[in-house]
There are 2 protein chains.
Amino acid sequence: MKNKKFFENMKRLFNPESVAVIGASNKFDKLGFHVMKSLTTGGYKGKIIPVNPSAKEIMGIKAYPSISAYSGSIDLAIIAVPARFVFQIFDECHEKDVGGVVLITAGFREIEDPEGAKNQEILKQKADSYGIPVIGPNTFGMINFWHNLNASFTPEFSLTKKGDIALVSQSGGMSHLLSFLSQRHNVGYSKIVGIGNRLNVDFYEMILFLKDDPHTKVIALYIEGIDNPMPMIRAIKDMHKSKPVVAYKTGSSKSSNLASKSHTGSMAGRYEIYIGALRQAGAIVVNTAEELMDTAKALSQSSIPDGNRVAVLSGQAGPGIAASDMAERVGLELPPFTEKTQKRINELLPPMAIRTNPVDMGPAWYDASATREIIDVAMRDENIDAVILLIMYASANIKAVEGIKEMLLEWKQRKPIITCISAPAGIWDKEVSFLEENKALTNYPSPERAAQALGNLWEYKKILLRG
Amino acid sequence: MKNKKFFENMKRLFNPESVAVIGASNKFDKLGFHVMKSLTTGGYKGKIIPVNPSAKEIMGIKAYPSISAYSGSIDLAIIAVPARFVFQIFDECHEKDVGGVVLITAGFREIEDPEGAKNQEILKQKADSYGIPVIGPNTFGMINFWHNLNASFTPEFSLTKKGDIALVSQSGGMSHLLSFLSQRHNVGYSKIVGIGNRLNVDFYEMILFLKDDPHTKVIALYIEGIDNPMPMIRAIKDMHKSKPVVAYKTGSSKSSNLASKSHTGSMAGRYEIYIGALRQAGAIVVNTAEELMDTAKALSQSSIPDGNRVAVLSGQAGPGIAASDMAERVGLELPPFTEKTQKRINELLPPMAIRTNPVDMGPAWYDASATREIIDVAMRDENIDAVILLIMYASANIKAVEGIKEMLLEWKQRKPIITCISAPAGIWDKEVSFLEENKALTNYPSPERAAQALGNLWEYKKILLRG
């Protein structure tokens, strides 16, 4: 169990007023170069202290030979030097009352040589006794978007949108992937944290910390395997009702299970046992990186449906049918509308259209008020808990999104409105982004992914209902 | 059975020297406006003949009151006028010896009023007796990218890349979606054809026609439901060995099955029976629009693996593990390398890395020659039929793609190289596009989609093997 000081130090770690980069460099082939670039180009407002015994300045900022040589206080030390120097640096961090450490350095528990695990254990004892939380070792670092802090070796994390999803990941590659995918899909993060070999900050500590983080609404986990999953499972159980937890656990295959052991120094363990424990604890379990992102996005932007009854409203029949198939596959239902709703839809659409659920609104393209009203009456229908809305651009319907904007803003997802609004690049991007920023809809690249995301929202509702 | 003249006319339909647009218009709210825009902005090189009884010119091109008023010959007539005018226009097309028709007009078999089905049957008899193939009715049209012919009401189809996949779709919305997704994922098409209500050009006729199309290597089908699927099934069976067929069949759910009937005038039918028949005929069956695109892309760009033994080579461990999980899930295996290969990889990577299959090449980031050689020895390994290569950008590895370019070009997918090379927009786009144009790799947005696409290539190999 970590004490109070430890968690106070985690606050300093994630919201530092000053950051020392130990191993800062002007040379591209040093990770300390990229860390400096991340900090300086990421908009960080605090004090940056490059530490390098053989440089006077790094990227135009005065450098120090050691942290002791700097007279001010240091909240966060990012360490990117070879493993053999780390022990001494930890002692210096303690003397200097550093709040927390991001330990990018690799070569500990993940290496074949048992020396690595031994050294990690010694480091852990040091850090614990000093009360210093350590992100890593063997990590790309972390980003706190709400503090403009990119404490990683990849400056381009800062291109990702600020939001309320916290990603805690056991893999740097997966964090990079999710960040780049999210840049393309308008998904925003509060924090992205690569916990690496988890010296003394594991999933458990991160979940506890994020529970009180005002900027985090949703927690997304990428898990390979940990030695003692029970604290994590308990932490999920304790908090999943206040903040939903989405978990992507890999290691289902023979080959990946072995690989995972090498990667993080932990057996992935019996995959099915993990999945069962995560589900029981109240996590929403997903199967791909894209599903992790899509589900976190839905939980971030959308309200949670009261039930599983969905209206599929489509500007074109085909995508509506594809969404309906997937909706039923993930446990949603497409019930008939109430008589009143159906009557009104029949008035608004000609007989040639599919007017039951799913609804083909195609014939109402040229009539924005009809489309608006169909969505409106479906949203009001007491048989309906959520709407999947699908609009494919087709030149003639270029005003379609504009035409329903105000109405969607009014609804503001009082019931979830999950969409696939698709067009060539540059055509509806602004409108869709605006509506997403205002949480008036949650958009996906395909009808099937929209339906699956709503299915996972319903999954969360079932978790909440089971008490 | 269609006669020879019919199929010759299909060639005229898809490769016209002259196109009449019946219902051409200068008014945005007419589909004939958008069709004219598609033709004129799509780079069509032939003669365009706008037909409109009350206009002298449309978009600066001389208009005619009827096709008879035009003295030259007409290969293709695109019809976008109300249904009631279509009978007479068909007669005029016959008199004028028009080669083929794209009938955008809706209001036939898909409407509730039995008059619609009756009218479609009369039209069909006319078209058949005239030997005129008709795409539609109730279609957005079609695009022949190799003829710069955008005969649809959506000009933006022309933004899609020219390639060798022919998409034949029963849904306009699905065609638009796939086109827009493909624009983002560098997937190229020979033709996109919306067969709509299939007057006399159904899946069967399209497959026969595409069999001899020199620009088409892969056939992608989006199927809702047809009255008599047997000719299509037989056509797939006859040709799937020369040109692979990927099929996405919707209508698995109760609600979508009903909707499909309204949409296309055909019951989707027992979903499982369709799937079974498609599989037996040799089609690769997929479950989402994205999987349809991903699979067609792999078949278009990649060679087919001899077996199911894959090497997963990853710049970062996590994505490698995720790909390995999915690979095993879709029937691929990750065997051990031969001793020789393993020995060489052990020399190229430090002990801290995962060096068995999957391989974590992370530590070789700064050493382009090591990465190159790992890929090279894996490709040469007799235990390996295909490679999944995963590289997530991370600033320090910005030269990673450049470093393996020449080697990938030399391999040219003699064994399939399926990749997820991921970076923020603008960073590796050019390199990856270049390598894709040269069929040196096939790239996907996530490790799981890369593995799934390779799984479907293996699926095709199994189909070929079963004879």
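Figure 1. Contact requires C-beta atoms, placed from the backbone, within 7 Å. Just after H3(A), Asp97(A) takes a positive phi of about 55°. Helices (H or I, at least four residues) and strands (E, at least two) are DSSP runs, numbered from the N terminus.

The model is predicted: local features need pLDDT of at least 70, side-chain atom pairs count only at pLDDT 80 or more, and totals for chains, interfaces and linings use all residues. Residues are numbered from 1 along each chain as its sequence is written, while chains are lettered from A and ligands numbered from 1 in the order in which they are written.

**Figure 2. The five-stranded open sheet of chain B.** The strand order is E2-E1-E5-E6-E7, with parallel pairing. Strands E2 (47-51) and E7 (134-135) of chain B each have a single partner strand, so one side of each is left without a neighbour in the sheet. Two strands pair if DSSP finds at least two bridges between them. Strand E1 (residues 18-22) of chain B runs parallel to E2(B), joined by five bridges. Ala20(B) stands opposite Ile49(B) of E2(B).

**Figure 3. Helices H2 and H3 across that sheet in chain B.** Helix H2 (residues 31-41) lies across E1, E2 and strand E5 (76-79) of chain B, at about 160° to E1(B). Helix H3 (residues 86-95) of chain B lies across E1, E5 and strand E6 (100-103), at about 175° to E5(B). Axes are lines fitted to C-alpha atoms, for helices over the stretch in contact; angles run from 0 to 180 degrees between N-to-C directions.

**Figure 4. The seven-stranded open sheet of chain B.** Its order is E9-E8-E11-E10-E12-E13-E14, and the pairing is mixed. Strand E9 (149-152) and strand E14 (284-286) of chain B are the edge strands, each pairing on one side only. Neighbouring strands are turned by 25° against each other on average, direction ignored. Strands E10 (residues 161-169) and E11 (residues 188-194) of chain B pair in the parallel sense over seven bridges. Val168(B) has Val193(B) as its bridge partner in E11(B). Helix H9 (residues 271-281) of chain B lies across strand E13 (245-249) and E14, at about 175° to E13(B).

**Figure 5. Helices H14 and H15 of chain B.** The axes of H14 (residues 400-411) and H15 (residues 429-437) come within 11 Å and cross at roughly 10°. These helices of chain B are therefore roughly parallel, a label for angles under 35 degrees. Val401(B), Glu402(B), Lys405(B) and Leu408(B) of H14(B) make the contact with Glu431(B), Val432(B) and Leu435(B) of H15(B).

Terms used. Contact = placed C-beta atoms within 7 Å. Parallel < 35°, antiparallel > 145°, perpendicular 65-115°, else oblique.
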